[in-house]
Amino acid sequence: MRNRMIASVIGYIMISFFLYYNHRSFKYNSRDVFTLLLGSILYTFIFGLTYSVIREPMGSLGLIGFLHLLMIYILLIVGAMHYINIRSEKSLWFFLSMLNFAVSDFMLLIDVFYIQSIELKVLRLICFPTALIFLVRYMTTKDQYLKTEETEGF
């Protein structure tokens, strides 16, 4: 499990370079800020709850587990920020990929360190390949800026 978590952290660091490469300056309206705050608060709650439950059973893997969860947390939040900022098809694929990776990794850690369940394994078998498909779609889609003045306002 240790090697799997280290490989995931390294993979997420490499994925963060894709996000950095496609970075644009952020321009948000009040609706965008509200959406980001609501999503970030919900995801922060899920992150904190999950880590508090699996921290003790992880034992010596606690630091690697925290880095693993933190990397996917950062990628999902920044991916959401990126999508809300430009609303392009390419940024949507990245956000959906990170969302599926997050769900898959959270289920993996809960399955391994908290409660083992066949349902979590099955859901993970659905989410992880879907995340990879979305990541491939992200890499093969041309970037087109779709955010317009029509979508603004609150």
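What percentage of the 154 residues in the chain is buried? In this predicted model, in which local features need a pLDDT of at least 70 and side-chain atom pairs count only at pLDDT 80 or more, while totals for chains, interfaces and linings use all residues, buried residues (under 20% relative accessible area, with over 50% counted as exposed and partly exposed in between, for a 1.4 Å probe and protein chains only) make up 41% of the chain. Residues are numbered from 1 along each chain as its sequence is written, and side-chain values use heavy atoms, with hydrogens and water left out.

The predictor's confidence in each residue, given as pLDDT on a scale from 0 to 100, averages 87 over the chain, and 90% of the residues score at least 70. Confidence is lowest in helix H1 (residues 2-21), with a mean of 86, and highest in helix H5 (residues 118-140), where the mean is 94. Where pLDDT is low, the predicted coordinates should not be read in detail.

Five helices and zero strands were assigned to the chain, helices being DSSP runs of H or I with at least four residues and strands runs of E with at least two, numbered from the N terminus. The radius of gyration, taken over C-alpha atoms, is 16 Å, close to the 15 Å that the globule rule (2.2 Å times the number of residues to the power 0.38) gives for 154 residues, so the chain is as compact as a globular protein of that length. Along the principal axes, the C-alpha atoms fill a box of roughly 50 × 30 × 25 Å. Of the contacts (heavy atoms within 4.5 Å) between residues at least 6 apart in sequence, 82% join residues at least 24 apart. The accessible surface, computed by the Shrake-Rupley method with a 1.4 Å probe, comes to about 9,100 Å², and carbon and sulfur atoms account for 69% of this area.

Leu109, which lies in helix H4 (residues 89-113), counts as buried because its relative accessibility is 0%. Leaving aside residues up to four places away in sequence, Leu109 touches Met1, Met5, Ile54, His68, Leu69 and Tyr114, whereas the C-alpha atom of Thr130, 21 residues away along the chain, is separated from that of Leu109 by 18 Å. Ser104, likewise placed in helix H4, is also buried, with a relative accessible area of 0%, and under the exclusion of residues up to four places away in sequence, Ser104 touches Arg124, Cys127 and Phe128.
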